[in-house]
Amino acid sequence: MAVAAREETVSRLNEMGPEELFAWALEAHGDRAGIITSFQDTGCVMIDLMCRVAPGLRVITVDTLRLHDATYAVMDAIEGKYGIEIERFRPDPERLAKMVAQHGEYLFFDSKPKQEFCCNVRKVEPNQRALETLDVWFTGLRRDQSEFRAQTPRAQLVDRNGRKIIKVAPLVDWDQARIDAYIAEHDVPKNALYDEGYTSISCVICTTPTLPHEDKRAGRWRWFSYLEKDDKECGIHIGGSGI
Ligand code: SF4
C-alpha cells in the first residue's frame with residue numbers, strides 16, 4: 001500500500017474503538033498484524049478484547065530471558081485461558097553470549113550506555129525482528145503511563161528500518177481504573193507483581209515497585225535517578241517517527 005493511502009487509513013483508525021481496530025486488522029492484514037505485549041495489565045486486556053472479536057490475530061512477546069517468574073506465569077495463564085500460542089522472540093544467542101562475556105550479566109548497573117546496550121540486545125533487536133513480520137503493530141501504550149507517553153496517538157505510521165508500518169495503541173485513552181474494572185469484570189489473568197506495588201513490569205532487578213505519586217514507569221532503573229536525563233524508555237518505542 002502506498003504511503004499516502006496508509007496515512008488515510010491511519011486517520012480512519014484514529015476514530016475506531018479497540019474491537020473495531022482488531023477486526024479491521026485481522027481482515028485487512030491477516031498474519032501481518034499482531035499484538036506485541038510484555039503481559040502487563042493493558043496487554044492482557046488487549047488480548048481478551050481481541051479474542052472476542054478477532055481470534056486468530058497473532059500474539060507476540062519479547063522474552064529477554066530475564067523476566068520475572070510471575071510474568072512467565074501470566075503467559076501460561078493467558079495461553080491456557082484463551083487457547084492461543086504466544087510467539088516468543090528472544091535475544092540472539094551469539095550477541096547475548098558476547099555481551100555477557102565482555103560486560104557481565106549485570107552490566108546495566110555500570111552506566112546508562114551499558115543499560116541501553118543490554119536493552120538493545122535483549123529487547124530492541126528481538127522486537128525489531130518481530131516487527132519485520134508485521135505491517136500492523138498493536139501495543140499497550142497508554143497516555144497515563146508517563147509524561148513521555150502523554151501525547152501518544154491511537155494510530156500512527158512509524159518508520160522501522162526504513163519501512164513504514166502502522167502502530168496502533170487501541171487502549172491509549174484508557175486510565176488505570178478502567179483497565180482494573182475490565183480485568184475484574186472479565187477475569188483477565190493479571191501479573192501478581194501488581195499486588196506488590198509494581199506499576200510497570202519488565203526484567204528482574206530493572207523494575208521495582210512505585211509510590212502513589214510517581215509515574216508508572218518510575219520504578220525502572222532507579223539507580224540512574226541522579227542523572228539529568230533519567231530516561232525510562234527501553235528503546236522499543238523510540239525511533240522512526242513518534243513513540
Ligand atoms: S530491562 Fe534491564 S535486564 Fe532487561 S534488557 Fe533492559 S537493562 Fe537488560
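This is a predicted model: local features need pLDDT of at least 70, side-chain atom pairs count only at pLDDT 80 or more; totals for chains, interfaces and linings use all residues.
Two residues are in contact if their C-beta atoms, placed from the backbone, lie within 7 Å. Helices (H or I, at least four residues) and strands (E, at least two) are DSSP runs, numbered from the N terminus.

Local features need pLDDT of at least 70 and side-chain atom pairs count only at pLDDT 80 or more, while totals for chains, interfaces and linings use all residues. Residues are numbered from 1 along each chain as its sequence is written.

## Strand 1 and the sheet

Strand 1 (residues 33-36) runs parallel to strand 2 (residues 58-62), and three bridges join them. Gly34 stands opposite Arg58 in strand 2, and Ile36 has Ile60 of strand 2 as its bridge partner. Three bridges also join strand 1 to strand 4, again in parallel; there, Gly34 has Trp137 as its bridge partner. Both faces of strand 1 are covered, with Ala33 and Ile35 buried on one side and Gly34 and Ile36 buried on the other. A residue is buried if 20 or more other C-beta atoms lie within 10 Å of its own, exposed if 12 or fewer, and partly exposed in between, with C-beta atoms placed from the backbone.

The six strands form an open sheet with the order 3-2-1-4-6-5 and mixed pairing. Strands pair if DSSP finds at least two bridges between them. Strand 3 (87-89) and strand 5 (155-160) are the edge strands, each pairing on one side only. From one strand to the next, the twist averages 35°.

## Overall fold

The protein has seven helices and six strands, in the sequence pattern α-α-β-α-β-α-β-α-α-β-β-β-α. Its radius of gyration is 17 Å, close to the 18 Å that the globule rule gives for 243 residues, so the protein is as compact as a globular protein of that length. The radius is taken over C-alpha atoms, and the rule is 2.2 Å times the number of residues to the power 0.38.

Along the principal axes, the C-alpha atoms fill a box of roughly 45 × 40 × 35 Å. Of the 243 residues, 36% count as buried. Among contacts with a separation of 6 or more, 71% are between residues 24 or more positions apart.

## Ligand surroundings

The ligand is surrounded by 12 residues, the closest being Cys118, Cys119, Arg122, Cys203 and Cys206. A residue is near a molecule if its C-beta atom, placed from the backbone, lies within 6 Å of it. By class, the shell has six nonpolar, three polar and three charged residues. Ala, Val, Leu, Ile, Met, Phe, Trp, Tyr, Cys and Pro count as nonpolar, Asp, Glu, Lys and Arg as charged, and the others, Gly among them, as polar.

## Individual residues

Thr71 lies in helix 4 (residues 69-82) and counts as buried, with 22 C-beta neighbours inside 10 Å. Leaving aside neighbours within four places in sequence, Thr71 is in contact with Phe39, Asn191 and Ile201.

Asn161 lies in the loop between strand 5 and strand 6 and has phi near 55°, a positive value in a residue other than glycine. Asn161 counts as exposed, with 10 C-beta neighbours inside 10 Å. Asp187, in the segment after helix 7 (176-186), also has phi near 55°. Asp187 is exposed, with 9 other C-beta atoms within 10 Å.

Technical notes: Axes are lines fitted to C-alpha atoms, for helices over the stretch in contact, and angles run from 0 to 180 degrees between N-to-C directions.
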